[in-house]
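Let's take a friendly walk through this structure together. Have the sequence and the 3D view open as you read.

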Amino acid sequence: MSTAKRSGPGTVADLRSDTVTKPTRGMRAAMARADVGDDVYGEDRTVRALEERVAGMLGHEAGLFLPSGTMANQVAVQALVPRGGEVLCAADAHFVSYEAGAAAAHGGISTRTWTTHDGLIDVDTITGMIHLAGSFANQTSAVVVEQTANLPGGLIHPLPRLTALHQLATSTGIALHCDGARLWHAHIATGTPLPAYGRLFDTLSVCLSKGLGAPVGSVMVGSSWLVAEARRLRQRAGGAMRQAGVLAAAGLYALDHHVGRLSDDHRRAQHLAAELAHTGVVEPDQVHSNIVVLDLHETRWTAATLVAAAAAQGVLGVAIAPRRVRLVTHLDVTEHHVERVIHIFADLLGRGPSQDDRGRRRSAR
Ligand SMILES: Cc1ncc(COP(=O)(O)O)c(C=O)c1O
């Protein structure tokens, strides 16, 4: 692995997202060695191995390899929900806010959203939103839950709440999909076995290209029937791939080498939050996994100005709202980077924006 590039003192500390990681040398070697075939003919043994492995890890019958988390969510939910059906999810969920309206545009699915005071699912809220068959209102067909919840700050929905949601879904005949782009983080942070999450949902999607560091790919799991339907929908979306084993090999490598190490990312996010707590923009107990959100409401900074001021010093974060900045720890963020991030943000937050910082904001627009 090119450790110099990853951790050298001069390198940019890129904490915008865990999607920015580059494949390690070991991963690239695994990709080069991959046994491949035409996956549309069902002849790529590496893809099949990945699909079977992820399905097994989550306690489901079958899996499907897809190019992205977006497509994995969409084919899963479209397999669960008929045209004209309705999905409930959080207002800031990737499924409804960042997939270019795909549920409506491709699936004919309408979406109704909730917000909760703590960013976690609240089963009473969801119970009150469900419209059952036979009513005049749109019929609710499924609920989508993001685990971990990205924009609220990588928060982890506790297992008892998910279990209560599962009971509600069973008693009302509603399907459940988990957008588990970062389900791995919830598993490592809480010690909850993956099948304990898996059995609560009809379908789950998990990403290989976020915390696990693969360049591409997600896997959707469910019953054999649902996965066959999702495979058909993947074909419709143009997402079927040929010698995709080179990509699946990266995913298999990531499962072997990059799941357990997520605890390093969590420890670094905790450390970052603890060291910035005195600035009043973050509460360490609100950091559950690898995401730290700085809430600037009590400061003179806007998110765009703070992000631009930090970027000028080689530290990258992302503005996720006018007064909220997200910092994400991942495979390519070292201890050294975290110390620099702490130093720079403590300094900026301690002094407030200068005239130069305000100018930077204007040129960053
Ligand atoms: C929670 C969540 N779900 C789904 C996705 C979509 O993944 P992709 O970018 O692979 O489509 C993302 C992307 O960041 C995400 O954060």
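What follows starts at the ligand, moves on to a leucine and ends with the cysteines.

Please keep in mind that this is a predicted model.

Let's begin with the ligand.

Now zoom in on the oxygen atoms of the ligand. Threonine 70 places a polar side-chain atom 2.6 Å from a ligand oxygen. For arginine 182, a polar side-chain atom is found 2.9 Å from an oxygen atom of the ligand. Lysine 210 also takes part, with a side-chain N or O atom 3.0 Å from a ligand oxygen. How much of the ligand does the protein cover? On its own the ligand has 390 Å² of accessible area, and the protein covers 83% of this.

Next, let's visit leucine 176. You can find leucine 176 in strand β6, which runs over residues 175-180. Is leucine 176 buried or exposed? Its relative accessible area is 2%, so leucine 176 is buried, given that the cut-off for buried is under 20%. Beyond its neighbours within four places in sequence, leucine 176 has contacts with Leu80, Val143, Leu165, His166, Ala169, Leu200, Phe201, Asp202 and Thr203. For a sense of distance, pick glycine 352, which lies 176 residues from leucine 176 along the chain. The C-alpha atoms of these two residues are 45 Å apart.

How many disulfides does a search of the whole structure find? The count is zero. A disulfide would need two cysteine sulfur atoms within 2.5 Å. Take cysteine 89: the closest cysteine sulfur belongs to cysteine 178 and is 13 Å away, so the gap is too far for a bond. For cysteine 178, the closest cysteine sulfur is that of cysteine 207, and because they are 11 Å apart, this pair is too far for a bond as well. Are these cysteines buried or exposed? Cysteine 89 is buried, at 0% relative accessible area, and cysteine 178 also counts as buried, at 0% relative accessibility.

Key:
Residues numbered from 1 in each chain as written. Predicted model: local features only at pLDDT ≥ 70, side-chain atom pairs only at ≥ 80, totals over all residues. Heavy atoms only, no water. Buried < 20%, exposed > 50% of the residue type's maximum accessible area, 1.4 Å probe, protein only. Polar contact = N/O pair within 3.5 Å; in protein donor to acceptor, adjacent residues only side chain to side chain. Areas by Shrake-Rupley, 256 points an atom, 1.4 Å probe, with all protein chains shown as cover. Helix = DSSP H or I, 4+ residues; strand = E, 2+ residues; numbered from the N terminus. Contact = heavy atoms within 4.5 Å.
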